[in-house]
Amino acid sequence: MTAGDMGRMDIDFPNLHIYLHNVPKSFEVFGFTIALYGVIIGLGFLFALFLIANVAKKTDQDPDIYWDLAVYVIIFSIIGARLYYVIFSWDSYKDDLLGILAIRNGGLAIYGGVIAGFATIYIFSRVTKCKFLKLTDTVMPGLLLGQVMGR
């Protein structure tokens, strides 16, 4: 697939007088198509984690707790985002249950990701004996940063 086949789009920020024309939607690495939006989401996760670790240090917490937590939150948030999407788009999947696993075809909902993320933090707090509210207070700036980048 050539760059011309991958699709292009215009991105407009009219109130800022910024117009990006003919921006590619994806690129290929070793024959594997990677969506630019996915790269931005991944960077959002990464920057959020660095921010959370920084907040933890400034509040005299162990940042390693948040790096450990991140592994679980990322996995279960992606699963939660997909489940939320599938539940509210059930008509598209009821006759093709294997299509539920085709996450590369799109279909993640931020609401499901946030719900699953907080549920994961709650379970993590119970298992590790950390305070749930302290964990969520520390994580919140990262969640906001990730949301801003994803928008």
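This is a predicted model: local features need pLDDT of at least 70, side-chain atom pairs count only at pLDDT 80 or more; totals for chains, interfaces and linings use all residues.
**Notebook: strands, hairpins and helix packing**

**Overall layout**

Reading along the sequence, I wrote down the pattern β-β-β-β-α-α-α-α-α. The C-alpha trace spans about 50 × 45 × 35 Å along its principal axes. Of the 151 residues, 26% count as buried, where buried means under 20% relative accessible area, exposed over 50% and partly exposed in between (1.4 Å probe, protein chains only). I then looked up contacts (heavy atoms within 4.5 Å): among those with a separation of 6 or more, 48% come from residues 24 or more positions apart.

I looked next at strand β1 (residues 8-13) and strand β2 (residues 18-24), which run antiparallel and are joined by 5 bridges; two strands pair if DSSP finds at least two bridges between them. R8 has P24 of β2 as its bridge partner. This hairpin has 4 residues between its strands, and H17 takes a positive phi near 60°.

Strand β3 (residues 26-29) and strand β4 (residues 32-35) also run antiparallel, joined by 4 bridges, and V29 stands opposite F32 in β4. Here I found 2 residues between the strands, with F30 in the turn at a positive phi of about 50°.

**Helix α1 against α2**

How do the axes of α1 and α2 cross? For helix α1 (residues 36-58) and helix α2 (residues 63-88), I read axes that come within 9 Å and cross at roughly 150°; axes are lines fitted to C-alpha atoms, for helices over the stretch in contact, and angles run from 0 to 180 degrees between N-to-C directions. The two helices are therefore roughly antiparallel, since angles under 35 degrees count as roughly parallel, over 145 as roughly antiparallel, 65 to 115 as roughly perpendicular and the rest as oblique. On the α1 side I listed F45, L49, F50, I52, A53, A56 and K57, which meet P63, Y66, W67, A70 and I74 in α2. By class, this contact has 11 nonpolar, no polar and 1 charged residues (Ala, Val, Leu, Ile, Met, Phe, Trp, Tyr, Cys and Pro count as nonpolar, Asp, Glu, Lys and Arg as charged, and the others, Gly among them, as polar).

**Helix α1 against α5**

I then turned to α1 and helix α5 (residues 132-150), whose axes lie 8 Å apart at an angle of about 155°. These helices are therefore roughly antiparallel to each other. In α1 the contact includes Y37, I40, F47, L51 and V55, and in α5 it includes T138, P141, L145 and M149. The residues of this contact divide into 14 nonpolar, 5 polar and no charged.

Finally I checked I110, which is found in helix α4 (residues 110-128). I110 is partly exposed, with a relative accessible area of 42%. From I110 to G80 I noted 30 residues in sequence and 8.7 Å in space, C-alpha to C-alpha.

Notes. Residues are numbered from 1 along each chain as its sequence is written. Side-chain values use heavy atoms; hydrogens and water are left out.
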